[in-house]
Amino acid sequence: MYKYDNYDQAMVDARVAEFRDQINRRIAGEMTEDQFKPLRLMNGLYLQLHAYMLRVAIPYGTLDSRQMRMLAHIARKYDRDYGHFTTRQNIQYNWIKLEDCADILEELATVEMHAIQTSGNCIRNISSDQYAGAAADEVTDPRPWAELLRQWSTFHPEFSYLPRKFKIAVIASPEDRAAMRLHDIGLELVRKDGELGARVFVGGGMGRTPMIAPEINPFVKADDLLSYLEACLRVYNRYGRRDNMYKARIKILIHEIGADAYRGQVAEEFAHVKTLGIDPPLAELERISAFFAPPAYDAANVEPDRNDPDFALWLDQNVKPHKQAAYAIVNISLKPIGGIPGDATSAQIDVMADLAEKYSFDELRVTHAQNIVLPYVAKRDLYAVWQALRDAELADANLDLISDIIACPGLDYCSLANARSIPVAQKIATRFADMDRQRDLGELKLKISGCINACGHHHAGHIGILGVDKKGVENYQLTFGGSGAEDVSIGKIIGPGFDEDGVVDAVEKATEVYKALREGDERFVDTYRRVGLEPFKEAIYG
Amino acid sequence: MVEFRYRTDEVTEQPSVTLDAFLDQSNATAVRLEPDDDARALIPFLDRLTLIEVAFPKFRDGRGYSAARILREAGYQGELRAQGDVLVDQIAYMRRCGFDSFAPEASLNPDAVARALASYDHAYQGAADSAVPIWKLRHG
């Protein structure tokens, strides 16, 4: 894992002092709320329905046990004893007091953490593949590149007042576990003639106008990447729409002028920017890469004993193959039946930290599906890990099943929401609580957003649910056929919306149609794509 | 009114003209750029300009940051002034983009500005100022 040097540490320490000063000026009345807002937002501090919400950055979703314990400590000391892991691989605290913020940031800084640029119209926390470093199919570990981008984008003087927020994801596998093409910029690291570089996709996103990012450049060399990204951002900063905040994301610019025109403008800007000498030498990427060297794998290849049936089910569902034969990737589900997707108590966060320290070379990952990963667990230790998770109520064996729901905080917390997301997630999970039934349905990615901003990724759900406000009543629209993976697609609305119970019934009917029509090992989304909407519509509305 | 100026030469007395006016009869030495003006239109004339004023009608509109960098990258040495809704916490970024004078609409507290400019010893990325990026400090 990356470790701060004195420069990195000085940066976050200075930020704490700066933000303390800003908060003090706000409390003293030297700044209006309107002036304070963009400043607090660049520190991840939102004013929500009931309280301030603080979003803490977990760069590319990677953290160690010391950092994880700090997250538990903050939940315990400053919040209500729990935290919420988000679709951007961060953590949010929902009940924060403004006057505690600087102290929280100061505590975070002691473990090399911060809340820098977790909101605001700037380059946000860089996201990545939660299996980075452990996945058998990666061409390289994407995290050194993500760290390079983290540093480049931190306090970027030109790109801190962009037309709108800007999200970048980096992956290095053909299998996309990070919804890469639904980001403002998605980078897929590839090898060309032995050299590593990035395939660059620009202009994807969800929100009210979902778009899949087109490829803008098939190969940008490592030592050109920052210049190329500066060019991408500069074109956006100058020409992105600022007249309407709903049309201000880069996807709208690219949609309006066309990918070819944008590509041409970027190429022209890049030819200029490349002369400025802003690209670090490859030695910097190598310096960072050294922190991500593979751990000292030393376990004998011992297959776990599958005698305990609950353990065996968990193994089959939540444990994934590792690039090292004697190791496995463990997914910890934060989706207990009837629970709040992505929430974990302080005690659970501590348990996960302990397990990472003892069994996973001190590393954890946060996934965009709001789960946690232990990336390096020796197979011989899997049973011990499972027992500890079970005791902490963290052993739900539902990864990628219908109850592994992504949901935004919705109207229970969020000031933007039109409808509640959490109760719908809870009702669906409860309806399908029977694990045999869930396993029979197989991979089924269900995602719920409580408003058009799509924080719950409903456009990318095999089944998506969008909460809207219909004349003061919560109403839920269903979409089918979306995907955030390498088969990326945007779901389509199937017809009129439903009330809360109605949408649960409709989801259930859809699964019955799927069971009746599926062929071979087709997933729900495969069957839907093959047979189309009609049979589903008939069953649901007929 | 110019409240903060980080250069020692004489202040340009000539009032600035709009970009269109300048391009029509370019004997002016001071120009004012609005957010949607293309800063690159000035590149052929940079030698004879002593002041370029960049308007920030709203602090959230960040186009002027790119305009400033483009002008400095093209070799502009004259005064580059940020005018309008310029706030304390933007001045450090503006300095990094090449602005060297500030005419905020609402007067700023000089101590707060000084503190904001002194907050960070280093910067991660190269920009239009003289700060040496951290990667360069690491690799000599």
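Biologist: What makes A:Ile126 and A:Leu189 contacts of A:Val170?

Modeller: Two residues are in contact if their C-beta atoms, placed from the backbone, lie within 7 Å. A:Val170 touches A:Ile126, A:Ser128, A:Pro142, A:Trp145, A:Ala146, A:Leu149, A:Leu187 and A:Leu189, leaving out residues up to four places away in sequence. The model is predicted: local features need pLDDT of at least 70, side-chain atom pairs count only at pLDDT 80 or more, and totals for chains, interfaces and linings use all residues. Residues are numbered from 1 along each chain as its sequence is written, with chains lettered from A and ligands numbered from 1 in the order in which they are written.

Biologist: Which residues touch the most other members of the largest nonpolar core?

Modeller: A:Val170, A:Cys232 and B:Ile52, in a core of 142 residues. Such a core is a set of buried Ala, Val, Leu, Ile, Met, Phe, Trp, Tyr and Cys residues joined through C-beta atoms within 7 Å. Buried means 20 or more other C-beta atoms within 10 Å of the residue's own; exposed means 12 or fewer, and partly exposed lies in between.

Biologist: Why is chain B called as compact as a globular protein of its length?

Modeller: The radius of gyration is taken over C-alpha atoms, and the globule rule is 2.2 Å times the number of residues to the power 0.38. Chain B has 15 Å, close to the 14 Å that the rule gives for 140 residues, so it is as compact as a globular protein of that length. Its C-alpha trace spans about 50 × 35 × 30 Å along the principal axes. Of its 140 residues, 44% count as buried.
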